[in-house]
Amino acid sequence: MVSLSESEMAMRDHYIKQLQAVHDDLLRMGSRVEHQLADAIKALDRLDIALAREVVARDREIDAARNAIDERVFELIAMQQPVATDLRSLLAAVAIAGELERAADYAKGIAKKVERSLHTPAIIEAPIELHRLGTLVQNMLHTCLDAFVQLDVALARSLGERDHEIDALEDRVVEMLKDTARRDPNKLDCALLLIDTAHVLERLADRTTNIAERVIFIATAKAEEINP
């Protein structure tokens, strides 16, 4: 068995700390995105313009976090030339950071609809099914991050089943809002904003299944599609 010199051991320890730093940075970014989504949905529910504007302003922090992760990962790959699990983890971290950034963009998009909805001819109270959709998507985001922390393949795969529920619920929300607009044309503009919100939440759910697929890739070294 070949023993490592003190300098080699120090380099190895530094490398491990850098890997952990990427992991920790990604979790912090994920937590920020969770808060962004929760606040965006809360702002829409309460028609809270101040909170909606906070969500929009904070999006820059998410963009900066994604860029910092990319830079750290590419530097690690260039300097350390990782292989096997380490390389998979680093490449997946870049992909997951990208998915989280897009999820945050969707949250920002929801927040922007708050002020727009207040300027429509007639405001519609968001149907309970839309609230349910928002809650389910928040749970999916939290679950995919849990799966990442634990490298839990079964938990990651479970998101594929939930995505079907999201699609069915989105369809119900859209039909309800279309019916509302047909009955009162003055509510059309607000209905369209809420319909778009439902579509945005569905796309955000797709981001969570993409993250879950990356988790499976890290754990198994196999590409697997859980949301065909």
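## Salt bridges and the Asp 25 network

A salt bridge is a side-chain nitrogen of Lys or Arg within 4 Å of a carboxyl oxygen of Asp or Glu. In this predicted model, salt bridges link Asp 25, Arg 28 and Arg 72 in a network. The structure holds 14 salt bridges.

Asp 25 is part of helix H1, which spans residues 6-46. Its relative accessibility is 17%, so Asp 25 counts as buried. Leaving aside residues up to four places away in sequence, Asp 25 touches Ile 69 and Arg 72.

## Bridges between helices

Arg 58 forms a salt bridge with Asp 39, and the closest N and O atoms of this pair are 2.7 Å apart. Because Arg 58 lies in helix H2 (residues 49-80) and Asp 39 in helix H1, the bridge ties together parts that are 19 residues apart in sequence. Arg 58 has a relative accessibility of 22% and therefore counts as partly exposed, whereas Asp 39, with a relative accessible area of 16%, is buried.

A salt bridge also joins the side chains of Asp 59 and Lys 108, with an N to O distance of 3.3 Å. Asp 59 lies in helix H2 and Lys 108 in helix H3 (residues 84-118), so this pair ties together parts that are 49 residues apart in sequence. Both Asp 59 and Lys 108 are buried.

The side chains of Arg 102 and Glu 99 meet in a salt bridge, at 3.3 Å from N to O. Both residues lie in helix H3, three residues apart, which is about one turn of the helix. Arg 102 counts as partly exposed at 35% relative accessibility; Glu 99, with a relative accessible area of 10%, is buried.

## Packing of H4 and H6

Helix H4 (residues 128-150) packs with helix H6 (residues 188-220) at an angle of about 15°, and their axes are 9 Å apart. The angle makes H4 roughly parallel to H6, since angles under 35 degrees count as roughly parallel. The crossing of the two helices is left-handed.

On the H4 side, the residues making the contact are Leu 130, Leu 133, Gly 134, Val 137, Met 140, Leu 141, Cys 144, Ala 147 and Phe 148. H6 contributes Leu 194, Thr 197, Ala 198, Leu 201, Leu 204, Ala 205, Thr 208, Thr 209, Ile 211, Val 215 and Ile 218. By class, the contact of H4 with H6 has 16 nonpolar and four polar residues, and no charged residues.

Conventions:
Residues numbered from 1 in each chain as written. Predicted model: local features only at pLDDT ≥ 70, side-chain atom pairs only at ≥ 80, totals over all residues. Heavy atoms only, no water. Axes fitted to C-alpha atoms, helices over the stretch in contact; angles between N-to-C directions. Helix = DSSP H or I, 4+ residues; strand = E, 2+ residues; numbered from the N terminus. Parallel < 35°, antiparallel > 145°, perpendicular 65-115°, else oblique. Left-handed = near helix turned anticlockwise from the far one by under 90°. Contact = heavy atoms within 4.5 Å. Nonpolar A, V, L, I, M, F, W, Y, C, P; charged D, E, K, R; others polar. Buried < 20%, exposed > 50% of the residue type's maximum accessible area, 1.4 Å probe, protein only.
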